[in-house]
Every structure is written in structure tokens, then in C-alpha cells.
Amino acid sequence: MIDLPLLLAFVAASLLTLTPGVDTAIVLRTATLEGRRQAVLAAAGICLGCLAWGVAVSLGLGALLQASKLAYTVVKVVGAAYLIWLGTRLVLNPRPSFDSDPKGATAAASGQAFWRGLLTNLLNPKVGVFYVTFLPQFVPLGADVAGYSFFLACLHVLLSLAWFTVLIAATIPLGRLLRRPALTRALDRLTGGVLVAFGVRLAASSGA
């Protein structure tokens, strides 16, 4: 059972949530410095992480995360540590140039882009809490809450993919300019700073 006005309201609200953040920073940096293929893989990892939280929420695990301070804190600390570690690496050891990776490392770089995106969301409990608090507002009366919540989570992931597609397409033409050594190092450090800031913010955030 689909309530069209409510569904359109969800789409509009979801578009407002796709504001620049850690996911956008990762996709933007990957697109400009590593290319379209790696950016797509990073976006796929991010969306898969969101989808995993969508499944967890539909199964009731998200509510457990929201209710359990210990569970929330454990995931939060691990996620914050990962973001700070990832960001610190970029700040302290930026690549000297776009082509500084060893030849033959394309597959490894692609895998790193995917896992970077996936772990960024899997280790962020705020994604699960966001779904727990956000999705139920748009479930029609009489609908199966678990099933419809999962449907909305999938729709949110599709909207995220659309946003990342636009972002990647808009960034690729700037790739040649942004691949200059000085700009490569600057963008790595800027992205690293953003990741560290989000990690610190996550670590300092209150419980679920």
C-alpha cells in the first residue's frame, strides 16, 4: 500500500538529507584523483553500507542500537576511530601526484575505494539511528512497518546513487586540473581534514 503524497514527501525530505558530508567528501576526492571507476566503486560501497543499515532497521536491530547505549557507543567509537585514522593518513601522507601509485595497483585501489565507502557507513551508528527515526514518519497507516521501511531505505539508497552519479559526472571534467601535484596534495589534506572532523564529531556526539 503506497500513499503517493507521503511518498513524494519522503523523496523531497531525502533529497534534503543528501547534503555535503563525509560520503560526499569521499566520492568527490575519489572522482577527482582516482577516476570514475574508483568513484563508482566508492559510491557503491557507501550505498551498500546504507542498505545494510536499512536491513538492520527493518529487522528491528536499529531499534536495539537506539535503545542500547553500550551498543551505540561501541559502534560509534570504532567508526570515529576509523574516520580519524583514514583522515590522518591523508593529512600526514598525501600523494605527491595523481600517478604516484605503483603500476599494477589498479585492482587494489579499486578494492580500497569500495571498502573505504562501505566501512564509512557500516561503522557509523548515526546512519542506523537516522533510519529508525526518519523512516517511520513516512510509513502509511495500515502498511507493514518492517517491509515498507525497507522499501523506503532502498529508495533512499537509489536517490543517493543518483546524487553520486551527478557528483561524479560534474567532477570528472575537472580531473585533469585537479591532478596537478600541488592540488593533489591539497585535496588529499582537505579531504583528510574533513574525515578527521567528522570522526571527532562522531566521537563527541551524544548517545542514541
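**Salt bridges, core and surface of an all-helix model**

In this predicted model, arginine 29 forms a salt bridge with glutamate 34, and their closest N and O atoms are 2.4 Å apart; a salt bridge is here a side-chain nitrogen of Lys or Arg within 4 Å of a carboxyl oxygen of Asp or Glu. Side chains of opposite charge can pair when their charged atoms come close. By this rule the count comes to 2 salt bridges, and the other joins the side chains of glutamate 34 and arginine 116, at 3.7 Å from N to O. Because glutamate 34 lies in helix α2 and arginine 116 in helix α6, this pair ties together parts that are 82 residues apart in sequence. Through shared partners, the salt bridges join Arg29, Glu34 and Arg116 into one network. Arginine 29 counts as buried, since its relative accessibility is 7%, where buried means under 20% relative accessible area, exposed over 50% and partly exposed in between, with a 1.4 Å probe and protein chains only. Glutamate 34 is buried with a relative accessible area of 14%, and arginine 116 is likewise buried, with a value of 14%.

Residues are numbered from 1 along each chain as its sequence is written. Local features need pLDDT of at least 70 and side-chain atom pairs count only at pLDDT 80 or more, whereas totals for chains, interfaces and linings use all residues, and side-chain values use heavy atoms, with hydrogens and water left out.

The protein chain has 10 helices and 0 strands, these elements being DSSP runs numbered from the N terminus (helices are H or I, at least four residues; strands are E, at least two). Read along the sequence, the pattern is therefore α-α-α-α-α-α-α-α-α-α. Buried residues make up 44% of the 208 residues in the chain. Among contacts (heavy atoms within 4.5 Å) with a separation of 6 or more, 88% are between residues 24 or more positions apart. The accessible surface of the chain comes to about 10600 Å², of which 71% belongs to carbon and sulfur atoms; accessible areas come from the Shrake-Rupley method with a 1.4 Å probe, and for residues only the protein chains shown count as cover.

The interior can be described through its nonpolar core, a set of buried Ala, Val, Leu, Ile, Met, Phe, Trp, Tyr and Cys residues joined through side-chain atoms within 4.5 Å. The largest such core has 38 residues, of which Phe10, Val27, Tyr131, Leu135, Leu152 and Leu195 touch the most other members. Two or more residues are given to this core by each of α1 (4-17), α2 (22-34), α3 (36-58), α5 (69-92), α7 (125-134) and α8 (145-171), and α3 gives the most, with 9 residues. Helix α7 is mostly covered, as 7 of its 10 residues are buried, namely Pro125, Val127, Gly128, Val129, Tyr131, Val132 and Phe134. When its neighbours within four places in sequence are left aside, tyrosine 131 is in contact with Cys50, Trp53, Gly54, Val57, Pro136, Ala153, His156 and Val157.

Helix α1 also holds serine 14, which is buried with a relative accessible area of 0%. Apart from neighbours within four places in sequence, serine 14 is in contact with Phe134, His156 and Leu159.

A search of the whole structure finds 4 aromatic pairs, in which the rings of Phe, Tyr and Trp (its six-membered ring) have centres within 6.5 Å, with planes under 30 degrees apart counted as stacked, over 60 as edge-to-face and the rest as tilted. One of these pairs is edge-to-face and is formed by phenylalanine 10 and phenylalanine 138, at 5.4 Å centre to centre with 70° between the planes. This pair links distant parts of the chain, with phenylalanine 10 in helix α1 and phenylalanine 138 in the loop between α7 and α8, 128 residues apart. Both phenylalanine 10 and phenylalanine 138 are buried.

Phenylalanine 114, in helix α6 (residues 106-122), counts as partly exposed because its relative accessibility is 21%. Phenylalanine 114 and alanine 42 are 72 residues apart in sequence and 4.4 Å apart in space, C-alpha to C-alpha. Neighbours within four places aside, phenylalanine 114 is in contact with Leu41, Ala42, Ala44, Gly45 and Leu48.
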